[in-house]
Structures are given as structure tokens and as C-alpha cells.
Amino acid sequence: MLADAAANSGGTRSGGTATATPQALVQTAAHINGTDLAVAVAVPAVMPVAPLLPVAPTGFTARCTRALLSPWSRLSLLLVLLAGAASTVLLFHPQRLLSDGWPPQLGGAMAALVFAAAYGLCSVAFVPRPLLNLAAGALFGSQLGTGAALAGTVLGAGISFGLGRVLGQDALRPLLRGRWLKAADGQLSKHGFRSMMAARLFPGLPFWGVNYCAAVSRMRWMPFLLATALGSIPNTAAYVVAGARASSPTSPAFLIAMACIALPALGGAVVAWRKRHHLRAQ
């Protein structure tokens, strides 16, 4: 009778199978020879089973893989790639396009597409964009040259941004500790389109430097590319027109293009000089 009471109190029979309750101690009542007895029956509690966590591999191959994929290894790979690209440019001299001209077997839109691809790769390899823009104007004229130069600008900026984001961001973001670095990072991350437009319109800022600074920040892809395309139009068009009309330096188009190049550069120099004195005064 005690066993039945304990079984009925500690679990429910269904088809001959008893299910244990989660309590560790169950108190049951029994009636024996006219005397009420309280009997404590111990019932095993149901213990939760911890989920099995995946165990990270610890072999030699796994350690090598983790080392190669670490942030500093990826940053080292980025530096090696950039050094190799710069060395290639120094060996092959892409500025020969200004003197030797484009290969004769290429012409029209196909030549402009090939030039845009070469422009993008050369801009990643630290070739100055003014030189590439002048070459675009000399080879393709004002209209087609401007289109090819803008396409190459966006392509080169996208490649640099992708390389910096994948290979350099994880290693460089922990180094943003100074007040000015944190302020610049916050500006680029929160106001990406506006900040990139200002950087593209402001003369004197290195194209590749702006690309990698944006990559280290949390700026998104679309604002970066759109601001690059729109903000690069004035400066790019001015250099392309200057390259296209370089054979007639007294023409109005050439003089206007040179003014559009010189005046923003002069204004940028004045703003930088005033900001320099303001920072010293602080």
C-alpha cells in the first residue's frame, strides 16, 4: 500500500510506464490500522543534459590555419599585395600611355572599357589619378575619356575598399585610440556619404589613403561608391578636358579646365593653412 501511494504520488502510470517528477522528495500519506502515517519517499529528480559544444581542432594544421587567418596575418598579406603592385608599376611605367598612345588594335568603346579596368588597377597600385585622367583625355577625348576615367575611379576605389575591409579592418580598428582618430572614425561611420563627398571634393587628399581609411571605418559599401562616383566628377572632368585639349593650350576649354584644377587646389591650401593655425591656437 505504501508502494502504491508512493508510485501514485511520484509519477503517473500510462501503459505501465512511470514518469518521474522533478521533485527530489515527495511526502505521501498512508492509512494503516486506523493510524495516519506520513511517509517521505525519495524520488530521483530529472537532471538537465548540457548541450555538447563543438571542440575546436588543436592539430598542427588547425593552428596553422588560425595563424594564417589572424588579423595581423591578413594585414601583412595586404601590405605584400600593395608593395607588389607598386613594384609592378615602377617596372612597367604606365605613364608611357601619354607618349606612346593606345594599342592600335583597340578602339572605341572596347578600348575605353579596357582602359577603365587598367585605370582601376593602376589606382590601387598608387599611380596618381591626375596622370591617369590626363591620359584618358589624350586617348579618348573629353566625353568618352571622362566616362572611362570615372568608371576606373569607382572600380579602383571599390577594389581598395574591399581589400582594406577584408584584410586590414580587424587588425587596425583596435589601434583607433586617439581622440582625433576616434572622431574621424565616428564621422566616417555615422555620416558615410557626406564625409566621402567632402573627401572627394577636397583637393589634396590622396585617393588611396581615403579609400583605406573608409575601409577601416564602419562605412557601408553603397554610400562609399556613390559618393566616390559623384564627388570625383568635377576634378576628373577637369583633368580629362585638359588632357584632351593639351595640344591647344590657348583654347578656352583648356584654360577653363586649368582654372577648375587650380582654384580648388588653392582654396584647399588656404583652408588647410587656416585650420593649421586654429589647431595651434587650441
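**Reading cores, helix faces and salt bridges**

Mentor: The largest nonpolar core here has 15 residues, and those with the most contacts inside it are Phe-115, Tyr-119, Val-127, Leu-132, Ala-136 and Ala-149. Keep in mind that this is a predicted model.

Trainee: Which helices each supply at least two residues of this core?

Mentor: They are helix H5 (108–124), helix H6 (129–140) and H7. H5 gives the most, with five residues.

Trainee: What does Ala-136 touch, not counting residues up to four places away in sequence?

Mentor: Ala-136 touches Phe-115, Gly-141, Gly-145, Ala-149 and Val-240. Apart from this core lies another, of twelve residues; among them are Phe-161, Ala-199, Val-210 and Met-219.

Trainee: How many helices and strands does the chain have?

Mentor: The chain has 13 helices and four strands. Of its 282 residues, 31% count as buried.

Trainee: How do I read the sides of a helix, say H11? Which of its residues are buried?

Mentor: Begin with the cut-off: a residue is buried when its relative accessible area is under 20%. In H11 the buried residues are Pro-223, Phe-224, Ala-227, Thr-228 and Gly-231. They cover an arc of only 125° around the axis, so they lie on the same side of H11.

Trainee: What covers the buried residues of H11?

Mentor: The cover includes H7, helix H9 (192–201), H10 and helix H12 (233–244).

Trainee: Now for charged pairs. How many salt bridges are there?

Mentor: A salt bridge needs a side-chain nitrogen of Lys or Arg within 4 Å of a carboxyl oxygen of Asp or Glu. By this rule the count is two. One of the pairs is Asp-170 with Arg-74, at 2.9 Å from N to O. This pair links distant parts of the chain, with Asp-170 in helix H7 (residues 142–172) and Arg-74 in helix H3 (residues 71–92), 96 residues apart.

Trainee: Are the two partners buried or partly exposed?

Mentor: Take each in turn. Asp-170 has a relative accessibility of 41%, so Asp-170 counts as partly exposed. Arg-74 has a relative accessible area of 19% and is therefore buried.

Trainee: Which side chain meets Arg-173 in a salt bridge?

Mentor: The partner of Arg-173 is Asp-185, again with 2.9 Å from N to O. Arg-173 lies in the loop between H7 and helix H8 (179–190) while Asp-185 lies in helix H8, so the pair ties together parts that are twelve residues apart in sequence. Asp-185 is buried, because its relative accessible area is 13%.

Trainee: Where is Cys-213 found?

Mentor: Cys-213 is in helix H10 (residues 207–216). At 48% relative accessibility, Cys-213 counts as partly exposed.

Trainee: How do I read contacts over the whole chain?

Mentor: Take the contacts between residues at least 6 apart in sequence: 67% of them join residues at least 24 apart.

Notes. Residues are numbered from 1 along each chain as its sequence is written. This is a predicted model: local features need pLDDT of at least 70, side-chain atom pairs count only at pLDDT 80 or more; totals for chains, interfaces and linings use all residues. Side-chain values use heavy atoms; hydrogens and water are left out. Buried means under 20% relative accessible area, exposed over 50%, partly exposed in between (1.4 Å probe, protein chains only). The arc is that of the directions from the helix axis to the C-beta atoms. Contact means heavy atoms within 4.5 Å. A nonpolar core is a set of buried Ala, Val, Leu, Ile, Met, Phe, Trp, Tyr and Cys residues joined through side-chain atoms within 4.5 Å.
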